[in-house]
Amino acid sequence: MDPRELLAAPLEELLAEARHRRERARGALVTFSPKVFVPLTTLCRDVCGYCTFARPPRRGERAYLGLEEVLAIARAGAAAGCHEALFTLGDKPELRYRVARDELRGLGCESTLEYLAGAARAVLEETGLLPHLNPGVMTAGDLAELRRVSVSMGLMLETVAGRLGVRGMPHWASPDKVPARRLETIAAAGAAGVPFTTGILIGIGETRAERLEALLAIRELAERHGHVQEVIVQNFRAKPGTRMAGHPEPALDDHLWTIAAARLLLPPEVAVQAPPNLAYDDFPRLLDAGLDDWGGVSPVTVDHVNPEAPWPDLERLRAATEARGLALAPRLAVHPRYLDEDWIDPGVLPYALRRADATGLAREDPWAPGEDRSIPFLPRDALPVETSEELGEDELERLFRTRDEELHRVLAAADRLRRETCGDEVTYVVTRNVQYTNVCYFRCGFCAFSKGKLAANLRGPAYLVPHEEIVRRAVEAWERGAVEICLQGGIHPAFTGEYYLSVARAIKEAVPGLHVHAFSALEVWQGAATLGLPLDSYLAALGEAGLGSLPGTAAEILDDEVRHVICPDKVTTAQWLQVHDAAHRAGLRSNATIMFGHVEGPRNWARHLLHVREQQRRSGGFTEFVPLPFVHMEAPMYLRGHARPGPTFREVLLMHAVARLALHPWIANVQVSWVKAGPEGVKAALRAGVNDLGGTLMNESISRAAGARWGQELPPERMEELIRAAGRVPRQRTTLYGEVPAERRAASFGAAPLAQPLNPPVGEAGLKAPPRLVRPGFLTAAS
């Protein structure tokens, strides 16, 4: 829009267009940052006519907060659920005040910025709060040093009106308020790759045309460097005891006009923010001007720059936002598009990822898969969303991003569809898991289970279960009422396709009635490749050997954009689908899984579901869909700081619910992993589209190796108790959802304890790897 048009346009037209622009860019989302305010020093060499934050030194007072004082503020913020530590301070006070120089010397620092860097690092490392730094005008060298201890920085441009710096004006005797110097800092931040916050201050004597000129200057730098994450439109408030105590404050309509102008002039990806506390009781009206971010709001500390204006509490902020049909969500100090090593120092990025959800916004609770924590909420009754039309990629992504009331509507829609499709029965299967080896030559970044020279994780002894022990476990499982044995493991370098055939034969010879559910797409692909057989031929041979069905593991995320990052030498999306297509054509059923909550996001989830749906349309062989939340605690890529700590609880429920909506009517069964969700999480998932709890397991190693706290077995007694506690009807099933013979069901209750499993060291097997290893995926060269 031509800036000249903004000056003449009617206010209501501008506000309407600004709201439209917000909706196009952000949908209904409005964000805020839960923060603590750390006033490191209130000394400043500038003397702005409106400021009460900066003041000269007082006898007996320290010039700077001590490090323990800083950490006490940060610890209180962390305990209150904050994510950001906002460091605000005067600009280079040591250049004006001897007391500042002396105190810095006593702290072992030459400058305020050096002390700031140390304080920010201490907060980051000891509390995990993410530092956002506002130290004033900075050089390229300053920015580079501070980038190592923060996720973002900021400097208000305030104005481009240099005339406001002459005697009698607000910025007189304030050398750091020269507009050109401030623009130089903003530009230098862009060159340094620093996610940056800036803004304008209105009502201090500038004209509307000068405001637009300032916004255009910010836009030019944002488009040049891409680093401006948000622009604050702050309204002047007169404060007693300042030179501008009697200066008139801008009217609300003037503030709304400027917010709307900012939304219309700035790039759509740049958030437009205004402090809610400075609008007093009128703060909800700021949303009418296209505002999409409330900025930092603290449950712990006051606004030290405007101490007379308390922040609205979170519930009031949420109510005001939702009253205008918008959704409120917490964010980090750094906005989602900057959450990578291009923008955040590698030493800082892991701290940010630990606090991020799949959209790059802030996690809303401490729950994580596999941990023994209370669930943060239960799905509540709500009017279901309408999903009668088949959902495409854009629609699925939108559903995955839902929050607040719309979230509960999505969960309700999935629950209603589950009831229509499956009734109130909840199924489970009595099974035994056998992980036959933890040696693997593939390098999956998420796997804490595999061991060996080529694995990312070298903890724990490497083992290989001999055939006779596998058979013993199968016999024992049969005696305990099992109808299925599930076999998976690492890919030992010496394995060929003959290994998998021999395991299936040995089990079926010993226990003919036990269904063999075994071998992921990776194992099948590797087995066929080592024997030089087409997939169809090898799968037929597996079927003849006794294989009954395939697990859907190794799917991870069916989007090669993600697979390049987490498992580049594993099967590609196309290869995983080819294996399951061939299995279905060979008469073998399988399930489909998704492992989520690490480096991917809602768009990748949507693509995964669409791949599964299209494959089911073609071949019809998937029995269920199984979301597997990433268990992070011991996963190598999490320990290296490259992944989030699993999905949030909201994301776990949405994955099950959206899968139910997306895959209907092609896949009738949606399963929840009790190992990862825990009993209370299971109950919640049963209200979000789930109708199956999977297997009793008897043994489970993979999730526990990654740090999951839940047990190895959920026996039928406990399984049915859990289902009934959720108000549902339990039913034992077979692998293929058939009825279980009465004698099998009877044998499964009151089963004898398991004998201690035998996992001999892998060296006792005497296996030797071939000189070259086959690899699917993107690394086709043998190693």
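Gly154 has Thr197 in β5 as its bridge partner. Helices (H or I, at least four residues) and strands (E, at least two) are DSSP runs, numbered from the N terminus. This is a predicted model, in which local features need pLDDT of at least 70 and side-chain atom pairs count only at pLDDT 80 or more, while totals for chains, interfaces and linings use all residues. Residues are numbered from 1 along each chain as its sequence is written, and side-chain values use heavy atoms, with hydrogens and water left out.

Back to the pair. Strand β4, residues 152-154, runs parallel to β5, and two bridges join them. Two strands pair if DSSP finds at least two bridges between them. On β6, Thr197 stands opposite Glu230. Strand β6 covers residues 228-235; it runs parallel to β5, and seven bridges join the two.

β4, helix α7 (residues 179-191) and β5 form a right-handed β-α-β unit. Right-handed here means that, with the strands pointing away from the viewer, the path from the first strand over the helix to the second runs clockwise. A right-handed β-α-β unit is also made by β5, helix α8 (residues 208-225) and β6.

Is β5 covered on one face or on both? Both faces are covered: Phe196, Thr198, Ile200 and Ile202 are buried on one side, and Thr197, Gly199 and Leu201 on the other. Buried means under 20% relative accessible area, exposed over 50%, and partly exposed in between (1.4 Å probe, protein chains only).

Now to another sheet. Six strands form an open sheet with parallel pairing, in the order β11-β12-β13-β14-β15-β16. Its edge strands, β11 (431-435) and β16 (622-629), each pair on one side only. From one strand to the next the twist averages 25 degrees. Helix α20, residues 602-619, packs on this sheet and touches β15 (589-596) and β16; the direction of α20 makes about 165 degrees with that of β16. For such angles, axes are lines fitted to C-alpha atoms, for helices over the stretch in contact, and angles run from 0 to 180 degrees between N-to-C directions. Contact means heavy atoms within 4.5 Å. Within the sheet, four bridges join β12 (residues 484-488) to β13 (residues 515-518), and Ile485 has Val516 in β13 as its bridge partner.

What about the cores? A nonpolar core is a set of buried Ala, Val, Leu, Ile, Met, Phe, Trp, Tyr and Cys residues joined through side-chain atoms within 4.5 Å. The largest one has 122 residues, and Leu487, Trp576 and Leu693 have the most contacts inside it. Helix α22, residues 649-663, gives the most to this core, with 11 residues. Apart from it lies another core of 89 residues, among them Leu86, Ile186, Leu212 and Trp294.

For contrast, take Glu739, in the loop between β18 (729-732) and α26 (742-748). Glu739 is exposed, with a relative accessible area of 59%. Not counting residues up to four places away in sequence, Glu739 touches Arg731 and Thr734.

Finally, the whole chain. Its secondary structure comes to 26 helices and 18 strands. Of its 783 residues, 61% are buried. Among contacts between residues at least 6 apart in sequence, 78% join residues at least 24 apart. Along the principal axes, the C-alpha atoms fill a box of roughly 95 × 55 × 45 Å.
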